[in-house]
Amino acid sequence: MATSALPPTPAPPLTTASVPLWARRAAEAVLWTSMPSALWRFAVVIGVPLGLADSEYDAMLIPGWGYLVVPLLSVLQEALALLTLGLVQPWGEVWPRWVPWLRGRRVPVLAATIPAASGALACTVYGVLFVWTTLHADMAITQWGEWVMTVCYVPIVAWGPLLAVVTVHYYRRRTRSRRDGR
């Protein structure tokens, strides 16, 4: 006797249609604010001259483990930035089909907002600390190298505040739709 698997319970209607353009743009901006620093680190690893002294490469463990750690840091950073899009996309409201045991079920609001809010706080603190320490650092770097590094890393300061705004919007939109019976 063959048993047929019951289809998953249909998910409630998505509310991503009600995501305003500014929220979508803010979520997309997170990717763009994190990308220059990731690209700068990739440039360091592949040997693009960035005005760094040998002591700076030694501090990044290049050559050595830095060839693995520095690119992985960039990939991890971009993956985390990409998760911001879930706050304005359908996969941030209903688990995608490829997620075992959860596929098709509604994403609990707090399961998205708590990590996102924690990330926003961490990114804001990191951005402020990075700018503070960079401005007061005694790096062995040329003036133009310092300029390039600054141009690549200053946008990351916006990551935390942008993520915070998108997170608050996600929380309010999702809890409002629940209160309204949607």
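Select helix H3 (66-83): with 4 residues, H3 contributes the most to the lining of the second largest pocket. The model is predicted, local features need pLDDT of at least 70 and side-chain atom pairs count only at pLDDT 80 or more, while totals for chains, interfaces and linings use all residues. Residues are numbered from 1 along each chain as its sequence is written, and side-chain values use heavy atoms, with hydrogens and water left out.

A pocket is an open set of points, on a 1 Å grid over the protein atoms alone, where a 1.4 Å probe fits, with protein on both sides within 12 Å along at least five of seven lines; lining residues have an atom within 4 Å of a point. Helices are DSSP runs (H or I, at least four residues), numbered from the N terminus.

Remain at the second largest pocket, which holds about 240 Å³ of space, a volume being the space filled by probe spheres set on grid points joined across faces, edges and corners. Next, select Trp 40, Arg 41, Glu 56, Met 60 and Tyr 153, the closest to its centre of the 15 lining residues. Then display helix H1 (21-46), helix H2 (54-59), H3, H4 and helix H5 (143-153), each of which supplies at least two residues of this lining.

Now move to the largest pocket, with a volume of about 720 Å³. Select Leu 80, Leu 83, Thr 84, Pro 115 and Ala 116, the closest to its centre among the 28 residues that line it. Finally, colour H3, helix H4 (109-135) and helix H6 (159-179), the elements that give two or more residues to this lining; H4 provides the largest share, 8 residues.
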